[in-house]
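Hi everyone, thanks for coming. I'd like to walk you through one model this morning, so do have the viewer open.

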Amino acid sequence: MASQAIARPLTSLTSAPLRGRVRVPGDKSISHRALMLGALAVGETVITGLLEAEDVMNTAAAMRAFGATVIRDDAGVWRVNGLGVGGLLEPAGIVDFGNAGTGVRLTMGLAAAQPIAVTFTGDASLIKRPMGRVLEPLSEMGVEVIARSGGRLPLTMRGPRLPLPITYRLPVSSAQVKSAVLLAGLGTPGVTTVIEPVFTRDHTERMLKGFGADIEISDEPGGGRRIALAGRPELKPQAIDVPADPSSAAFPIVAATLVEGSDVTVEGVLMNPARIGLIDTLLEMGADIEVTAERTTGGERLADLRVRHAELKGVTVPAERAPSMIDEYPILAVAAAAASGETRMPGIGEMRVKESDRLAAVAAGLRVNGVACSEGPDWLSVRGGRIAGGGRVVTHLDHRIAMSFLVLGMVAGNPVSVDDASMIATSFPTFEALMTGLGASFEAAEAADA
Ligand SMILES: O=C(O)C1=C[C@@H](OP(=O)(O)O)[C@@H](O)[C@H](O)C1
Ligand SMILES: C=C(OP(=O)(O)O)C(=O)O
């Protein structure tokens, strides 16, 4: 999808108590991977609960561009007929991933082990994000790349006839880099190994196992994990039911915690240990979150989360927790703004290379709404208390900045505006309707050119 031309300003008005049961859309990370592995399996993969948001729709379009058949039936079930490992075709045009870092980085891995030329691009946010972290290991495997300086999009790559298996130690804690190398390893003869010093989300590993790949995971002496994947397997199509996205659930969870009188249950939330750092942190801050109806589906833990209003206190979030909540720091900063005392968030330098420089965007959004905070290269500290509000937040094409500050507005003394709510459609298209259904209210301003 092309970059957004029209900005959609939106204002959050102080909220009534939030009440009810809701289900947020399917997990974005799992949705991308289900389409990708479906495109490499022989036969039909059936996906229910797929996240139908712009980021994932760009992956669906990309898989079609590589020759897979990807259709949605009238009941909302997605069917992917794959081409087999090594069977991707050369796309006829440029593959545009819009705003989606996961989509483009993982697809580069998929395409890397085949002798096809592919040109990738994205929107005004994605073309600023670093791709070198993926291109570097893929080059070691034999991929040729011509990219803009700094390894930015647009870029063109061509895989080698005979890719080389590598052993790669992740220099940054990134599930996207890990996954790109593993997906390239699928099409590579021999064993490709990734060593991750810090545990990051493991959906690629779990799903590869489910599709029948030969993958071994062991503890690494001195900490971390070693993931070894045997190349060129035949992947067997799967039935995948995508659980609700904990990164989207974070917004009603924090809103219900902050707004007095609230009682909200969010159903079927993915509780993968590599994704629940925010829940752990909110509990430490004094949140009232009851984990109920725990169950396991498709190898993943799910639960219903009942959240009632609670007064929060500031905490220090352990730096090693960052990968398990990296996308949740903007909304955690909003919770911290309403908490008593100071919340310190060290070890979050990765926030600077997301859809926006989230550390800077969060600090600016807090300050313009009267919340005191300080920031360093890889840390943020928020001093909570009464939130004056009344500010207009610059979102920099970042969905999570927009949603986080709309939640801030629900508990601020004065309405809080975001300059553009349109990017929320990249991950959580039903955000506004869902929050309004629970008791929040928003006011849309006239659309303006971005
Ligand atoms: O692998 C994934 O699905 C993701 C990994 C994380 O990125 P990094 O790998 O850059 O940490 C996260 O921020 C992103 O939203 C989704
Ligand atoms: C960082 C995110 O996504 P991506 O890297 O896929 O653009 C996100 O959704 O917060």
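Let's begin at the domain boundary, where 24 residues of domain 1 are in contact with 27 residues of domain 2. Please keep in mind throughout that this is a predicted model. The chain is divided into domain 1, covering 6-26 + 244-449, and domain 2, covering 28-241. Their C-alpha centres lie 28 Å apart.

Which residues of the largest nonpolar core touch the most other members? They are Met63, Val254, Ala255, Ala333, Ala335, Ala337 and Val407, out of 142 residues in that core. Helix 9, residues 329-338, supplies the largest share, with nine residues. The core also draws at least three residues from each of domain 1 and domain 2. As a general reminder, nonpolar side chains tend to be buried together in soluble globular proteins.

If you click on methionine 63, you can look at its surroundings. Setting aside neighbours within four places in sequence, Met63 is in contact with Leu35, Met36, Ala39, Ala68, Val70 and Val80.

Next, please turn to helix 9 and its partner. The axes of helix 7, residues 246-258, and helix 9 come within 10 Å and cross at roughly 5 degrees. Angles under 35 degrees count as roughly parallel, so helix 7 is roughly parallel to helix 9. On the helix 7 side, the contact is made by Ala250, Phe251, Val254, Thr257 and Leu258. Helix 9 contributes Ile331, Val334, Ala335 and Ala338.

Let me move on to the annotated positions. An unreviewed UniProt entry carries the annotation "binding site" for Lys28, Ser29, Arg33, Ser174, Gln176, Asp327 and Lys354. I'd like to look at two of these in some detail.

Serine 29 is found in helix 1, residues 28-40. Is it buried or exposed? Serine 29 has 28 other C-beta atoms within 10 Å, and the cut-off for buried is 20 or more, so Ser29 counts as buried. Not counting residues up to four places away in sequence, Ser29 touches Thr102, Arg201 and His203.

Glutamine 176 sits in helix 5, residues 175-186. Gln176 is buried too, because 23 other C-beta atoms lie within 10 Å. Beyond residues up to four places away in sequence, Gln176 touches Gly101, Thr102, Arg105 and Leu106. Thr102 therefore turns up in the contacts of both Ser29 and Gln176.

His203 leads us to helix 6, residues 203-210, where His203, Thr204, Glu205, Met207 and Leu208 are buried. What do the buried residues of helix 6 pack against? They pack against helix 1, helix 5, strand 13 (215-219) and strand 14 (225-230). Following helix 6 comes glycine 212, whose phi is positive, near 95 degrees.

One last stop: serine 381, in strand 21, residues 379-383. Ser381 has 19 C-beta neighbours inside 10 Å, so this residue counts as partly exposed. Leaving aside neighbours within four places in sequence, Ser381 is in contact with Glu342, Arg344, Cys373 and Ser374. Serine 381 and glycine 314 are 67 residues apart in sequence, yet their C-alpha atoms are 9.8 Å apart in space.

That's my tour, and I'm happy to go back to any of these views.

How values were computed. Residues are numbered from 1 along each chain as its sequence is written. Chains are lettered from A and ligands numbered from 1 in the order in which they are written. This is a predicted model: local features need pLDDT of at least 70, side-chain atom pairs count only at pLDDT 80 or more; totals for chains, interfaces and linings use all residues. A nonpolar core is a set of buried Ala, Val, Leu, Ile, Met, Phe, Trp, Tyr and Cys residues joined through C-beta atoms within 7 Å. A residue is buried if 20 or more other C-beta atoms lie within 10 Å of its own, exposed if 12 or fewer, and partly exposed in between; C-beta atoms are placed from the backbone. Helices (H or I, at least four residues) and strands (E, at least two) are DSSP runs, numbered from the N terminus. Domain bounds come from an automatic or database domain assignment. Two residues are in contact if their C-beta atoms, placed from the backbone, lie within 7 Å. UniProt positions are given in the numbering used here, feature names are shortened, and annotations may be inferred rather than shown by experiment. Axes are lines fitted to C-alpha atoms, for helices over the stretch in contact, and angles run from 0 to 180 degrees between N-to-C directions. Angles under 35 degrees count as roughly parallel, over 145 as roughly antiparallel, 65 to 115 as roughly perpendicular and the rest as oblique.
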